[in-house]
Amino acid sequence: MKLDPILIEIFLHKVTAITEEMAITLQRTARTTYVKEAGDFGTALATPAGRFFAYPKVLGVSGFLDSNVGPALAAIDDLEPGDVILTNHPFASEGLATHMPDLHLIQPIFHDGKIVAHAWNFIHSADIGGGVPSSISPRFSDLFQEGFQIPPIKLVKAGVMNKDVVTLYRANCRTPEVNLGDIKAMLAALAVGERRVQGLIAQHGLDTFLQAQGDLAEYASTKALAVQKLIPDGSYDFWDLLDDDFNSKVPIRVRCRLTASNGQVHLDFTGSDPQVLAAYNIPTGGHRHPWLTLKLMHFIYSHDKTIPLNHGIFENITVEAPRGSIVNPEPGAAVGVRSATAIRLNEALVGAIAMAKPGLMPAPSGGIMIPSVLVETDSLTGERNVMVLQSLVGGTGARNGADGVDGRDSSLANQRNTPIEKTEEEAEATIVDYSLRQDSGGAGCWRGGTGVTFSVRIARSGSAVLGRGMERFVFRPWGMAGGRPGEKARVVVNRGTPEERELGKLDIFYPQPGDIVTIMTPGGGGYGDPLDRPAEQVLSDVLLGYISLACARDDYGVVIADEELDRGATTALRATLRTDRGAVPAFDFGPERSAWDAVFDDATMTDINALLMRLGSNARPQRRRELFERVVPRLPQVGLLPMHEAIGDIPEAQARAQAELARLRSEIESIHAGS
Amino acid sequence: MSDASYRIGIDVGGTFTDFVLADVPRRTLRFHKEPSVPGDPSLAVERGIEALFAQNGITSDEVELVVHGTTIGLNAIIQRRGARMALVVSKGNRDLLEIARLRLPSSYDFTEPREVPLVPRDLVFEIDARMKSDGTVLTPLDPAEVEALAGRLKASGVDAVAILLLNSYRDAALEVELATHLRRALPGVLITESGVIWPEVREYERGLVAGLNAYIQPLMTSYFERLKARLKGKGITAPIYITANNGGTLSLETAEARPIDTVLSGPASGVVASTRVGNAASRKEIITFDMGGTSADIAVCQSGIPEFSTSTFVGDFPLMMPVVNVGAIGAGGGSIVWADAQGLLKVGPLSAGADPGPVCYGRGGTEPTLTDCYVVLGIIDPATFLGGRMKLDADAAFKAVDAIAARLGFAGPDRAIAAAEAALRVASAKMATEITKLLATAGVDPRTFALVAYGGAGPTHANLLAEEAQLTAVMVPTAPGTFCALGALLADVRRDYVRTARHLIGETPVANEAWMAISQVRQDLETEARAWIANEGDLIGESDIVVSFNMRYLAQASELEIVVPSHLLHDLDHRSLGDLFHAQHHKLYGFSEPRVPIQTATVRLAVIGRVAPVSLPSVTSSDPQPQGERTVWHGGRKWDAKIYARSQIGHGARVTGPAIVEQLDTTTFILPGWQAEADALGTLHLTREAA
């Protein structure tokens with residue numbers, strides 16, 4: 001670091017404040033709900049090369065700190081003062097935009113004819129055309145279905161708005177007025193950023209300003225490296241599974257090999273599944289990318305809360321994301337619901353860090369984000385009213401030293417919920433339950449946070465309930481260091497009545513008036529041996545209703561009678577359970593994934609994926625599905641049927657898997673021999 | 001009684017209880033500071049009044065009004081020392097306080113804990129009763145269930161109960177019916193109904209208004225009763241008013257019923273006093289700067305009126321009621337100065353507070369604070385701090401700051417001075433960025449604003465901050481250390497009301513009908529407000545009504561609050577209200593949509609009862625002579641700063657920086673290149689010298 005330490009500290013406050021003032025300006029004047037209520041927007045200042053050296057601490061989306069505006073700018077060869085670049089293109093921007101409702105604006109900041117920084121912002125806009133209102137659905141199989149593609153272009157040229165671009169844009173979204181209002185807010189925020197940067201240069205001089213960009217990154221990098229050195233040297237493999245690929249019940253596997261060497265971290269995602277014909281692909285451009293490093297950032301920040309938020313945090317991290325895989329799809333792949341995959345991928349990263357050293361990371365959270373939606377139809381006019389019922393998440397995972405948080409989860413978006421009274425203002429339907437889900441948190445010396453139970457009583461005929469982002473219906477949030485997994489998600493209609501029916505993971509469901517639809521979200525994983533949890537705490541959990549008496553006895557070995565501990569019986573029961581059970585595993589995945597991993601172990605999956613990658617990207621999905629359905633014939637019933645039951649006898653399934661692998665190998669070898 | 005002409009303003013703080021005595025006809029103010037008695041705050045009030053009476057030779061029957069501000073409620077919430085209480089909710093809503101608004105405090109830090117819920121889960125009771133969003137009853141009370149609930153509440157031994165039944169913001173009848181049963185069954189237990197205390201949509205936030213009210217009500221009621229008894233014991237029969245969050249005051253009786261209205265009143269009173277001092281000097285655009293031991297707070301006032309907020313926090317909890325918008329911007333005099341592992345200098349967030357306090361207090365503090373830095377730089381004189389009542393240990397301060405200088409890698413004999421100055425620069429830079437952001441939130445230009453500095457450290461740091469934030473003026477009132485007590489004396493009686501009125505207005509077939517309904521809600525509110533103010537005391541003269549509407553375009557996500565200008569209040573119709581909305585929307589977003597129907601959501605109303613004003617006293621003119629000189633460090637060099645006594649500064653007095661003005665309760669630092677001039681009230685106006 002070349003500047004004096006006082007000046008660096010002062011610059012840190014000043015440049016952070018600029019990005020926060022940009023965020024305030026944007027939030028104050030933007031129109032879409034995503035910005036106003038959910039905070040789905042971002043602002044930053046980037047170096048001339050395109051990496052963020054300043055980022056807000058509390059405003060907007062936390063997760064895009066490691067973005068790079070460089071590739072989007074490289075697409076423009078005649079940047080001049082007053083230009084503003086617009087893009088939403090996941091591939092042309094090489095992963096700056098990660099799905100198309102996200103509009104990104106970049107304004108190069110010139111000083112004496114030279115680019116000295118860039119102001120950047122993005123918002124999740126209300127709609128960008130495509131097959132459904134709001135432009136996101138898992139069912140889309142390519143990018144063209146997801147809406148209007150905008151490669152990096154000049155929205156503003158030398159200070160003059162490009163009206164043709166605006167006309168074309170207006171014609172291609174369902175809510176042109178709202179979207180244009182948002183763009184005006186974004187431009188106002190960029191103008192604030194550029195004005196403040198010029199003020200900073202006037203006060204401190206250009207050389208100091210440029211030097212501060214480098215020094216701040218170096219400062220962050222030094223701090224990050226100190227934290228990363230907590231990870232012992234070595235290579236650690238971990239993977240996690242999405243329930244299915246939407247078109248079939250074949251799970252999607254994301255795999256991470258973390259290699260640590262004196263604090264330097266390399267993340268290799270080789271062995272992750274090929275890209276899919278659904279909107280679950282993550283467009284990263286194959287570079288280090290915010291979605292690939294998110295949990296490392298949380299790890300670093302949680303261990304050093306004074307670290308400044310800039311790209312320096314990531315400078316000791318390299319990644320490998322193979323092209324054609326779900327973490328670096330070929331251009332044209334659908335990407336709308338990439339967050340579902342990113343959550344799983346980052347949990348694989350958590351697992352890899354935990355393998356290196358237990359206790360460095362919390363167990364995974366419920367790991368879902370469901371914007372549950374209700375559609376009501378007016379019986380007279382036929383008009384449809386679409387409203388968000390609730391943003392549903394699970395609880396957070398436990399960690400060494402703390403229980404998980406019940407019913408909340410900050411790990412991905414950290415959004416606010418919708419008050420019941422606000423929902424009922426809009427809907428005829430009634431919210432009859434929104435409460436913590438007893439016994440859903442993974443048992444452990446530290447208990448995983450519980451999920452929630454959310455129930456709505458339908459009022460109108462012709463209603464529909466939708467919920468994208470439904471995950472963890474098949475595989476559980478896993479437990480760590482002897483902790484148990486959390487409960488899976490469920491959707492049930494008319495729970496507790498003779499008409500009770502398990503719906504499984506739903507895309508869209510058409511209930512009858514009077515039906516009660518209940519969504520139950522997963523609990524976070526537990527940490528540490530549940531038999532080590534102090535009996536008083538288990539008693540307290542029972543009295544407060546987080547767990548049932550049965551759970552206290554079966555999972556924790558704690559016997560309670562008349563709201564009092566039976567200490568003798570507890571000691572005896574815990575001793576018996578301990579003996580019967582033997583050593584606790586480092587990770588407890590639950591029976592579903594244990595069965596799946598036994599059949600499709602890492603070596604087999606790596607072989608299958610390597611072979612599939614030798615097929616053309618369009619031929620892979622069908623061949624892949626065939627293979628898995630031949631090994632597990634009852635796979636299509638999974639969802640209502642637990643995975644381990646669908647698999648049945650494991651040795652038999654293992655034999656089928658090896659046979660299918662051999663068949664695939666010979667097929668592919670003959671294709672390649674023939675060509 | 002007829003010649004009663006004195007008013008007393010009282011502000012209870014952690015260290016001192018401040019008093020201001022106003023002689024209304026003779027236009028004089030007298031100030032007094034009494035050490036607080038944390039175990040029994042009313043005792044310090046009694047002692048202070050005795051002292052005031054003795055010092056000024058007045059008797060209890062000469063007092064016409066006592067206005068009192070207290071942080072007892074706020075402290076009880078922050079320290080979780082409130083009542084053992086229960087929350088009663090509708091069936092299915094038991095985890096209102098557990099799930100809260102879902103968002104966790106940090107998106108980055110998985111070690112950051114959630115807030116501890118106001119009521120533990122086993123004291124939250126469900127009852128199968130609730131309203132619909134149209135204001136009708138969905139599930140009525142079942143007498144057997146009510147009886148069972150009363151039994152469970154009794155068994156739980158609670159002192160207070162808050163009731164939140166879903167959709168009671170539309171009509172509180174169901175909550176009131178339940179409360180009536182419970183009051184009968186649980187004598188002595190204080191009960192708050194959400195739809196009575198603050199009928200606004202959003203169950204978590206409204207539940208907290210009711211919950212926090214119930215949480216502090218037993219404590220506040222007993223404090224107010226003790227206060228009343230003590231004042232009565234001194235022979236004071238004058239009415240007692242309590243300062244409120246909205247910058248107004250309430251009668252003691254109202255404050256006992258609605259203590260939640262008073263929890264954030266302390267900072268609000270300082271802002272009220274600032275606007276009075278500003279208005280007297282024709283400075284209507286001000287930023288208040290209240291810097292004490294642990295934090296610095298600011299508020300923006302435009303056109304002489306404080307900005308309000310409906311999204312503040314009390315401790316960990318959001319408060320949806322309108323309050324004077326006071327925001328914390330960081331360091332106080334006790335904030336700790338330190339260096340991190342990479343050798344960067346940091347100020348705060350940890351504070352040495354009042355105990356042990358800064359190193360120079362010699363009470364066991366070992367880590368240097370901003371106050372130690374003022375001492376090292378010569379800004380504060382260790383011999384005259386608090387009028388010499390507390391001798392400061394300058395050597396200890398120097399050593400502690402010198403240790404930081406070593407960690408920063410500074411060298412040379414003056415390295416401690418360099419480190420002390422660096423700490424003030426870092427603190428100023430941080431506060432200046434917060435001011436910039438706050439003004440951006442309000443959408444206003446900083447250059448037209450003056451900083452009004454008060455609190456123990458406010459005048460000491462204000463000029464440094466103004467320089468860094470590029471503000472052009474600083475104002476230091478005559479008694480910055482008792483400014484909140486003064487604000488209490490200057491406030492009018494004020495209460496806010498809210499009701500839901502969701503209607504489409506504009507050119508729709510049912511526009512007239514909708515407008516009738518909206519007007520009815522507004523009329524009902526006004527009737528209620530006027531009835532209340534009529535019973536709020538005899539000192540109140542005229543009262544004013546302020547009306548605003550939360551509105552949006554149909555299907556728009558967010559609302560705008562439209563304040564109705566007073567000249568439109570009488571003949572407001574849906575067209576003129578619609579025009580106001582379109583204009584405001586255009587101002588904010590750059591466009592309006594005249595063809596889209598407009599929906600009203602909420603009607604807000606404030607009633608302000610004017611109390612015959614206290615005139616701020618004028619000071620005589622003077623030409624002050626410096627009492628001496630001392631060396632002060634600033635900008636990396638030594639300066640010979642002239643020292644003045646504040647008591648010598650009269651109307652028209654001019655002081656050229658570098659200079660220091662000392663008074664009992666604070667030290668004002670005037671930078672080189674700045675000068676100060678006192679106005680008719682004695683307020684010092686610091687401005688940059690013309691180049």
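## Exercises on a predicted two-chain model

A:Val373 touches A:Val386, A:Met387, A:Val388, A:Leu389, A:Leu466 and A:Gly467, leaving aside residues up to four places away in sequence. The model is predicted.

### Exercise 1. Trace a sheet in chain A

Task: Give the strand order of the open sheet that contains S8 to S11 of chain A. Which strands are its edges?

Solution. 
- Write the order. The four strands run S8-S9-S10-S11, with mixed pairing.
- Look for strands that pair on one side only. These are S8 (234-242) and S11 (317-320) of chain A, the edge strands.
- Take the twist. From one strand to the next, the average is 20°.
- Zoom in on one pair. S9 (252-261) and S10 (264-268) of chain A run antiparallel and are joined by five bridges.
- Pick one bridge. A:Ala260 has A:Val265 in S10(A) as its partner.

### Exercise 2. Describe the interface

Task: How many residues of each chain are in contact with the other chain? Which element gives the largest share of chain A's side?

Solution. 
- Count both sides. Chain A contributes 59 residues and chain B contributes 54.
- List the elements of chain A with at least two residues there. Among them are H1 (5-29), H5 (176-204), H6 (206-228) and strand S14 (430-436).
- Find the largest share. H1(A) supplies 14 residues.

### Exercise 3. Judge the build of chain B

Task: What radius of gyration does chain B have, and what would a compact globule of 691 residues have?

Solution. 
- Compare the values. The globule would be near 26 Å; chain B has 27 Å, so the two agree.
- Check the extents. The C-alpha trace spans about 80 × 65 × 60 Å along its principal axes.
- Check burial. Buried residues are 52% of the 691 in chain B.
- Inventory the elements. Chain B has 16 helices and 35 strands.
- Locate two domains. The centres of domain 4 (493-611) and domain 5 (628-688) of chain B are 47 Å apart, taken over C-alpha atoms.

Key
Residues are numbered from 1 along each chain as its sequence is written. Chains are lettered from A and ligands numbered from 1 in the order in which they are written. This is a predicted model: local features need pLDDT of at least 70, side-chain atom pairs count only at pLDDT 80 or more; totals for chains, interfaces and linings use all residues. Two residues are in contact if their C-beta atoms, placed from the backbone, lie within 7 Å. Domain bounds come from an automatic or database domain assignment. The radius of gyration is taken over C-alpha atoms; the globule rule is 2.2 Å times the number of residues to the power 0.38. A residue is buried if 20 or more other C-beta atoms lie within 10 Å of its own, exposed if 12 or fewer, and partly exposed in between; C-beta atoms are placed from the backbone. Two strands pair if DSSP finds at least two bridges between them. Axes are lines fitted to C-alpha atoms, for helices over the stretch in contact, and angles run from 0 to 180 degrees between N-to-C directions.
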